[in-house]
Amino acid sequence: MTQQRIGVAVVGLGGAVATTAIAGVELLRLGMRDMAGLPLAHRTDLVPYESMVFAGWDLAPDDLAKAAHVHRVVEPAQLDTVAGPLGRISPWPAVADPAYCRNATGANAVPIGPLRERVAHLRADLAGFRAEISAHEVVVVNLASTEARPDPASPALRSPAAFEAGLDADDPVITPGLLYAYAAIQEGCPYVNFTPGLGADVPALLELAERAGVPVAGKDGKTGQTLVKTVLAPAFRSRALTVEGWYSTNILGNRDGQILDDPSSLASKLDTKGSVLNQILGYDVEDHVVRIDYYRPRGDAKEAWDNIDLVGFLGQRMQLKVDFLCRDSILAAPLVLDLVRLMAEAGRRGERGAQEQLGYFFKAPVTRDGRTPEHALHAQERALLDWLDAPA
C-alpha cells in the first residue's frame with residue numbers, strides 16, 4: 001500500500017495511553033520489529049503504523065517526552081531513544097469542564113465560554129492540523145479522562161436539530177466529550193471513543209455522522225478484565241455451566257485510577273464494565289459485583305482479580321479465580337493504533353455512522369439503531385475479519 005500521512009488528533013494527548021502509543025510508533029520508525037500486542041500487525045492492507053502523525057489536546061502543557069517520563073510506562077532506555085521526536089510534540093489547549101470531570105485539572109485549557117466558541121476552537125485545530133501535515137485523513141481518538149455521563153435521553157441529544165439548538169442555548173447537558181465528537185464529525189474526521197463517556201453514542205451525533213458520511217466507533221476500550229470476561233463467559237454458556245456470581249475488583253494508581261476516584265466518573269466506567277456479562281450469558285447474574293479502587297503505589301501496573309462461582313451437573317458448585325497483573329497502557333496503546341488504521345480504512349471505503357464491526361475493541365460497542373451489541377470476543381473477531389476480507 002502506498003504510504004499516506006494519517007493525522008491522529010488525540011483528546012488526552014499527554015496521558016499514559018497516548019504517550020505509550022506514540023512512543024511505540026517512533027520505535028517502529030527506528031526499526032523495532034516486536035509486534036506483540038498489535039492484533040492486526042500482519043494486515044499489510046491497512047495503512048502502516050509509521051504513516052501516523054500525532055497531535056491533540058491536553059490539560060497539561062508538558063511535551064510528550066516529559067509526560068511519558070512522568071507516567072513511567074515506557075522503559076527508560078526506550079524513552080531515551082525516542083525522546084527527541086516526543087519532545088517536539090506539545091498539546092493544544094483542551095476543552096474541559098470540571099463539572100463533568102472533577103479530578104482532571106490543568107492550566108492548558110480553553111477558557112470556558114459559549115459552546116459555539118468552544119466548538120469553533122476545536123474545528124480550527126483540526127482544520128489547521130490537516131493542512132499543516134497535508135494529511136490524507138485525520139482520525140480523532142478520545143483518550144481523555146472518564147467524564148460523568150449526562151442522561152443520553154436528554155432532549156438536546158435526541159436529534160441533530162436539537163443538538164444544534166442545545167449548542168445555541170449553551171445547554172449544560174452537552175459535555176466536553178460530546179463537543180469533541182461533534183467537532184470531529186463536522187470536520188469529516190473519523191472518530192473513535194476509547195473512553196466510557198458518551199462520545200458520539202447519542203442519537204443526535206450518530207444521525208449526524210450518518211448524514212455526513214463519517215465513521216464513528218466506541219466506546220470504552222476492552223483491554224484487561226473485560227477482555228478476560230468476554231472469553232470465559234461464552235465458554236461457560238457453551239458448556240451450560242451456570243454463573244451464580246462473579247466478583248471483579250481492580251486496583252490501579254495511574255491518572256485513570258485517580259479520575260475514577262470521583263463517584264460520578266466511576267459510575268460511567270462501571271456502567272460499561274457491568275453490562276457485558278448478562279448479555280453474553282443470556283440471563284441476569286444477580287451477584288455480579290464490579291469494583292475499581294484507586295491505589296497510588298500500583299501506578300500503571302493494574303491488578304484485576306476475579307472470583308467466579310459456578311454451578312454444574314447435579315447442582316455441584318465450583319469456583320474459578322483469575323488474577324491478571326497487567327499494564328493498563330501497554331494493553332490499550334496497541335489497540336488504539338490498530339483502531340486508527342481501521343478507521344482510516346473505513347473512511348477509504350466510504351463507511352458512515354456506527355462501525356459495529358469494530359466492537360472487538362470495546363466494552364460497550366456503538367451500534368446502529370440502539371441494537372444490543374455482540375460481546376463475545378470470538379464472535380466480534382469473526383465480524384471484524386469478515387469486514388476486512390470483504391471486497392472493498
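The legends below describe close-up views of a predicted model.

View 1. The 6 strands run in the order 2-1-3-4-5-10, and their pairing is parallel. Strand 2 (52-57) and strand 10 (353-354) stand at the edges, each with a single partner strand, so that one side of each is left without a neighbour in the sheet. Helix 4 (residues 115-133) packs on this sheet, where it touches strand 1 (6-11), strand 2 and strand 3 (137-142), and its direction makes about 155° with that of strand 2.

**View 2. The pairing of strand 5 with strand 10.** Strand 5 (residues 215-218) pairs with strand 10 in the parallel sense over 2 bridges, and Pro215 has Gly353 as its bridge partner in strand 10.

View 3. The structure holds 8 aromatic pairs. In the pair formed by Trp57 and Trp92, the ring centres are 5.0 Å apart and the planes stand at 75°, so the pair is edge-to-face. Because Trp57 lies in strand 2 and Trp92 in the loop between helix 3 (76-87) and helix 4, the pair ties together parts that are 35 residues apart in sequence. Trp57 is buried at 1% relative accessibility, and Trp92 also counts as buried, with a relative accessible area of 18%. Ring pairs link Trp57, Trp92, Phe129 and Tyr180 into a cluster.

**View 4. Arginine charges over aromatic rings.** The charged end of Arg341 sits over the ring of Tyr49, 4.2 Å from its centre, while Arg349 lies over the face of Trp387 at 4.3 Å from the ring centre.

View 5. Cys189 is buried, its relative accessible area being 1%, and Cys326 is buried at 5% relative accessibility.

Technical notes
Residues are numbered from 1 along each chain as its sequence is written. This is a predicted model: local features need pLDDT of at least 70, side-chain atom pairs count only at pLDDT 80 or more; totals for chains, interfaces and linings use all residues. Side-chain values use heavy atoms; hydrogens and water are left out. Two strands pair if DSSP finds at least two bridges between them. Helices (H or I, at least four residues) and strands (E, at least two) are DSSP runs, numbered from the N terminus. Contact means heavy atoms within 4.5 Å. Axes are lines fitted to C-alpha atoms, for helices over the stretch in contact, and angles run from 0 to 180 degrees between N-to-C directions. Buried means under 20% relative accessible area, exposed over 50%, partly exposed in between (1.4 Å probe, protein chains only). Rings of Phe, Tyr and Trp (its six-membered ring) pair if their centres lie within 6.5 Å; planes under 30 degrees apart count as stacked, over 60 as edge-to-face and the rest as tilted. A charge sits over a ring if NZ of Lys or CZ of Arg is within 6 Å of the ring centre and within 35 degrees of the ring normal.
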